[in-house]
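Have a go at each one before you read the solution.

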Amino acid sequence: KPLKMFFPCISSTSMAFINPPEFHCQPKLRFAGTHKEFPQAHDLIVEALENHIVLPNRFCVKDDSTSFLSTYQPPIGIARITLVHGRGFHDSYSGWGVKETPDVYCILTLGQRTIKTPVVHDCLIPEWHHEMDFLLFDYDQILQIHAWDHDKDRFDEEGDLGFAHVTIRELMLASLQALELPLYDNNGEEIEASLFVKCNMLPLSSQNLASLFFPPLSVHLASGLLTITVLRAHHLKLRPELACTFCKIEVGDEKFYTQIVKRGYLTDPLNPMIRLFIFRLE
């Protein structure tokens with residue numbers, strides 16, 4: 001017996017990866033009958049995927065009668081991440097045998113937003129209590145944290161202190177308590193250091209709440225969102241077999257580019273359907 005007596009008409013389909021997919025390959029470039037390794041191709045492929053089908057970006061196919069706005073799925077809210085403190089870091093020794101205490105800072109990434117924390121100088125138990133806002137589209141989005149040792153000499157490389165990752169769902173289950181995240185090295189081995197992180201979910205509201213905050217919000221906290229939707233372009237004067245069209249959006253110092261539309265099944269570069277952009281108001 002069928003679950004339904006009729007199958008509903010589908011006017012649009014959208015799809016996306018919640019987090020950037022792992023992509024392992026060894027690209028090679030064929031030139032004059034020989035094959036040469038092309039390691040840059042891996043980064044180009046990953047970047048292309050993230051810019052098109054990794055949240056908040058979605059790949060959408062719809063018929064002409066469906067409004068793009070009807071396919072829009074807004075963010076769940078704002079995830080306010082607080083990096084509380086760390087522990088377990090160790091002194092290191094230079095080539096001259098001089099003991100050096102790390103100057104620890106972290107880089108946090110969620111979706112397409114990356115934020116660097118302040119540097120805590122000469123400390124094995126650094127404390128930040130640093131709040132940062134990220135747009136959240138799915139509770140299973142992964143927050144990536146990378147700890148570094150800031151080098152005062154601009155000619156030296158920053159010291160890698162390890163990385164951690166956690167889903168927003170796991171942070172939310174901690175019920176506003178700081179969750180301890182162990183750090184791992186580049187080989188995936190757990191090291192002794194760890195970071196304490198907590199998350200508070202802020203729902204989106206149409207009311208102006210910015211005036212309720214005193215003192216004013218910091219540069220890493222959002223006071224609002226501006227959504228710009230570029231629906232489509234019409235009758236572009238280009239040769240269809242050669243056309244590869246896209247749009248560029250500028251707001252302040254930020255620049256965003258739509259996906260490139262080429263001629264193909266359900267795509268028309270002379271009448272391309274584009275997508276939306278979300279800008280943070282701080």
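Tyr184 has 27% relative accessibility, so Tyr184 counts as partly exposed (buried is under 20% relative accessible area, exposed over 50%, partly exposed in between, with a 1.4 Å probe and protein chains only). A word on ground rules: this is a predicted model, where local features need pLDDT of at least 70, side-chain atom pairs count only at pLDDT 80 or more, and totals for chains, interfaces and linings use all residues. Residues are numbered from 1 along each chain as its sequence is written, and side-chain values use heavy atoms, leaving out hydrogens and water.

**Exercise 1.** Find the aromatic pair and say what it ties together.

*Step 1.* Searching the whole structure turns up one aromatic pair (ring centres of Phe, Tyr or Trp, its six-membered ring, within 6.5 Å; planes under 30 degrees apart are stacked, over 60 edge-to-face, the rest tilted).

*Step 2.* The partners are Phe163 and Tyr184, tilted, with 6.5 Å centre to centre and 40 degrees between the planes.

*Step 3.* Phe163 sits in strand β12 and Tyr184 in strand β13, so the pair links parts 21 residues apart in sequence (strands are DSSP E runs of at least two residues, numbered from the N terminus).

*Step 4.* Now check Phe163: at 26% relative accessibility, Phe163 is partly exposed.

**Exercise 2.** Which residue has its charged end over the ring of Tyr105?

*Solution.* Look at Lys116: its charged end sits over that ring, 4.5 Å from the centre (the rule is NZ of Lys or CZ of Arg within 6 Å of the ring centre and within 35 degrees of the ring normal).

**Exercise 3.** Leaving aside neighbours within four places in sequence, what is Leu143 in contact with?

*Solution.* The partners include Ile81, Leu108, Ala164 and Val197 (contact means heavy atoms within 4.5 Å).

Technical notes: Helices (H or I, at least four residues) and strands (E, at least two) are DSSP runs, numbered from the N terminus.
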